[in-house]
Amino acid sequence: MESLEFVYQARASRVVFGEGSLNHLEREVLALNAERALVICSPEQKDTGAHIAQRLGQRCAGLFDRAVMHVPIELAREALAVARRLNADCAVVVGGGSAIGLGKAIALESELPILAIPTTYSGSEMTPIFGITEASLKRTGTDIKVLPKTVIYDPTLTTTLPVGLSVTSGINAIAHAAEGLYARDSNPVTSMMAEEGISALAEALPAIVADPSDVAARSKALYGSWLCGIVLGNVGMALHHKLCHTVGGSFNLPHAPTHTIILPHALAYNRNASPEAMKRIARALKAADAATGMHEFAKEVGAPLSLKDIGMRQDDLDRAADIAASNPYWNPQPVDREKIRRLLQDAFDGAQPRTWAL
Ligand code: NAD
């Protein structure tokens with residue numbers, strides 16, 4: 001038995017969870033001492049944004065329905081100007097990581113409190129991490145100002161999330177928890193949340209594939225993504241997230257599918273260096289091995305398995321390995337450029353995660 005030593009930083013946010021919890025929206029806006037909310041969403045979710053605005057009635061200062069991926073700085077400035085012009089005193093953001101990202105960019109400059117209503121499983125609403133793209137470069141940072149003050153998780157809003165996106169978004173959440181389990185600064189509390197989060201998503205995603213309108217399954221997936229988001233916001237990530245960020249960003253690959261494809265291979269790479277974490281991931285997946293269990297799970301729920309199927313080109317793999325290995329970062333298994341190149345080839349081909357002699 002080892003004696004315990006850790007730092008656990010609780011982040012103050014209020015969570016209102018459950019089917020129909022959107023009914024508490026006005027109460028929650030008032031609890032923020034706010035009465036003029038700017039509603040933010042992406043163009044694809046314009047109707048949901050309009051519905052939220054209508055529910056808020058006179059507490060709604062306006063609707064900004066142009067959130068896009070990667071938070072371009074020009075758009076963030078425009079949304080901030082709108083918030084100021086309308087005298088908004090809070091932002092109600094409904095949508096996935098992209099819409100929440102725009103809300104965070106506004107909060108970074110204005111300290112406007114955010115009330116988030118997530119409709120994917122990205123987990124962004126639980127983290128103080130922001131990303132803003134300027135001159136084609138995505139800058140990320142951490143600032144407690146951007147952490148939403150209140151989060152309303154209403155699973156009924158997620159039933160429209162297409163099955164393909166539900167599956168990749170859910171595995172994106174599993175990736176936060178998996179890396180949280182072997183993080184250098186992991187602690188017993190986040191590890192408990194991580195295992196429970198993976199387990200909830202492993203149970204919920206096949207049920208969503210079987211019936212996307214199953215609100216109980218949607219509720220379980222949202223619960224899992226909440227836990228995985230807390231883990232992401234509390235401990236440092238490693239190889240998997242770095243690979244997805246650098247490779248996905250450099251070659252313009254879709255966010256959640258990139259996570260889905262790389263995860264089994266990143267777990268295989270770290271398998272020998274983090275046996276305890278792997279045991280917990282495998283247990284949550286009800287599998288014998290974390291990496292192969294993750295690969296089999298992705299297959300079972302019909303997720304994409306190879307980078308070539310989501311727009312990566314074989315000719316770019318060398319450059320991807322160079323980029324991924326160029327900025328050193330902590331990982332349980334030291335990062336080696338040649339091995340990363342092989343890992344990327346496996347992910348490109350959709351191969352079984354390999355057994356590394358590391
Ligand atoms: P997304 O927000 O881009 O959404 C994907 C698509 O799904 C969009 O077209 C959106 O309109 C649509 N959509 C969302 N919810 C829907 C619903 N319920 N029904 C129908 N359509 C719906 O995708 P995402 O994966 O949630 O977020 C990805 C972005 O979030 C990336 O830019 C990523 O970097 C960022 N992110 C940030 C953090 C963080 O902590 N800062 C964490 C995770 C992801």
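Predicted model: local features only at pLDDT ≥ 70, side-chain atom pairs only at ≥ 80, totals over all residues.

Visitor: Fine. Which domains does the assignment give?

Guide: The domain assignment of the chain gives domain 1, residues 14-158, and domain 2, residues 163-349.

Visitor: How far apart are the C-alpha centres of domain 1 and domain 2?

Guide: They lie 26 Å apart. In the contact, domain 1 supplies 18 residues and domain 2 supplies 20 residues.

Visitor: And what area do domain 1 and domain 2 bury between them?

Guide: About 1700 Å². Carbon and sulfur atoms carry 70% of that.

Visitor: Which elements give two or more residues to the side of domain 1 that touches domain 2?

Guide: Strand E1 (14-17) and strand E7 (137-142). By class, that side of domain 1 has eight nonpolar, seven polar and three charged residues.

Visitor: Switching to the ligand. Which residues come nearest?

Guide: There are 23 residues around the ligand. Gly97, Ser98, Thr119, Thr120 and Thr127 come nearest.

Visitor: What about polar distances to the ligand? Start with Thr120.

Guide: An N or O atom in the Thr120 side chain is 2.7 Å from a ligand oxygen. The Lys138 side chain also has an N or O atom 3.2 Å from an oxygen atom of the ligand. For Ile129, a polar backbone atom is 2.9 Å from a ligand nitrogen.

Visitor: Last topic. How many salt bridges does the rule count?

Guide: The count comes to 17. One of them joins the side chains of Arg59 and Glu26, at 3.0 Å from N to O.

Visitor: Why does that pair tie together parts that are apart in sequence?

Guide: Because Arg59 lies in the loop between helix H2 (46-56) and strand E3 (60-64), while Glu26 lies in helix H1 (residues 25-31). Those parts are 33 residues apart in sequence.

Methods. Residues numbered from 1 in each chain as written. Heavy atoms only, no water. Domains from an automatic or database assignment. Contact = heavy atoms within 4.5 Å. Buried area = accessible area lost by both parts, 1.4 Å probe. Helix = DSSP H or I, 4+ residues; strand = E, 2+ residues; numbered from the N terminus. Nonpolar A, V, L, I, M, F, W, Y, C, P; charged D, E, K, R; others polar. Near = heavy atom within 4 Å. Polar contact = N/O pair within 3.5 Å; in protein donor to acceptor, adjacent residues only side chain to side chain. Salt bridge = Lys/Arg side-chain N within 4 Å of Asp/Glu carboxyl O.
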